[in-house]
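The sequence and coordinates come first, and an explanation follows.

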Amino acid sequence: MASVTGRGDPRSGRGQLDDAAAQGLYDRMRVVAPAAFGAIERDRADDPARPFADTACGRLAGSLDAAGLRALGMWAHHWCMRFYDDDTRVGRRLVREIAGRRGLGWTVDEVRWMLGESERAGPSAGDRFTLPLAAAGELPGVADGGAGWRLAG
């Protein structure tokens, strides 16, 4: 894979995923990307005060099983971290909604990847740890809601 986005900083040894794991995450996100992008675009043109369940993103999230919802969350998180600005408010809402869902079965690789994305985004991306910390809090053995979970995990 030509891009190293999401694999961590090879110099630090933190957040690294092997090629197969990284490719698997990207493949799953690619499946939901067209629908996710379309839903975000429709919601940008709609009423921002509309209840989430009545939005295009809400309907998409409601149509997915746990694995699909994890992939959607990871895609939205990745998109928001790369293009973080006022135009990502719909995507950030989607990320917050997914972060509030329990029992999605997050994996250590998924959490590690999202935390790496969040660290690389920098402090200007204020919501950057919302989803990865919520997901980390669901990992077995993480009792503090993910706040103390480390990339080196």
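This is a predicted model: local features need pLDDT of at least 70, side-chain atom pairs count only at pLDDT 80 or more; totals for chains, interfaces and linings use all residues.

Residues are numbered from 1 along each chain as its sequence is written, and side-chain values use heavy atoms, with hydrogens and water left out.

Helices are DSSP runs of H or I with at least four residues, numbered from the N terminus, and α4 covers residues 89-99. Its buried residues (buried means under 20% relative accessible area, exposed over 50%, partly exposed in between, with a 1.4 Å probe and protein chains only) are V90, G91, R92, L94, V95, I98 and A99. The partners against which these buried residues pack are α1 (19-44), α2 (56-62), α3 (66-82) and α6 (130-136), where contact means heavy atoms within 4.5 Å.

Rolling a probe the size of a water molecule over the atoms shows where empty space is left. The search uses a 1 Å grid over the protein atoms alone: a cavity is a set of points where a 1.4 Å probe fits but cannot get out, a pocket is an open set with protein on both sides within 12 Å along at least five of seven lines, and lining residues have an atom within 4 Å of a point. Grid points are joined across faces, edges and corners, and a volume is the space filled by probe spheres set on the points.

The largest pocket holds about 150 Å³ of space. It is lined by 13 residues, of which D43, P48, R89, V90 and R93 are the closest to its centre. With 5 residues, α4 gives the most to this lining. The lining comprises 5 nonpolar, 1 polar and 7 charged residues; here Ala, Val, Leu, Ile, Met, Phe, Trp, Tyr, Cys and Pro count as nonpolar, Asp, Glu, Lys and Arg as charged, and the others, Gly among them, as polar.

There is 1 cavity of 30 Å³ or more, and the largest cavity has a volume of about 30 Å³. Its lining is formed by C80, M81, Y84, R92, V95 and D127, with α3 and α4 each supplying at least two residues. By class, this lining has 4 nonpolar, no polar and 2 charged residues.

Charged side chains also pair directly. A salt bridge is a side-chain nitrogen of Lys or Arg within 4 Å of a carboxyl oxygen of Asp or Glu, and the count by this rule is 10. One of them joins D27 and R30, at 2.9 Å from N to O. These two residues are 3 residues apart in helix α1, about one helical turn. D27 is partly exposed at 36% relative accessible area, and R30 is partly exposed at 47%.

Another salt bridge joins E110 and R28, at 2.4 Å from N to O. Because E110 lies in helix α5 (residues 108-121) and R28 in helix α1, the pair ties together parts that are 82 residues apart in sequence. E110 is buried at 1% relative accessibility, while R28 is partly exposed at 29%. R28, R70 and E110 are linked in a network of salt bridges.

D109 and R112 are 3 residues apart, about one turn of the helix. D109 is partly exposed, at 29% relative accessible area, whereas R112 is buried, at 13% relative accessibility.
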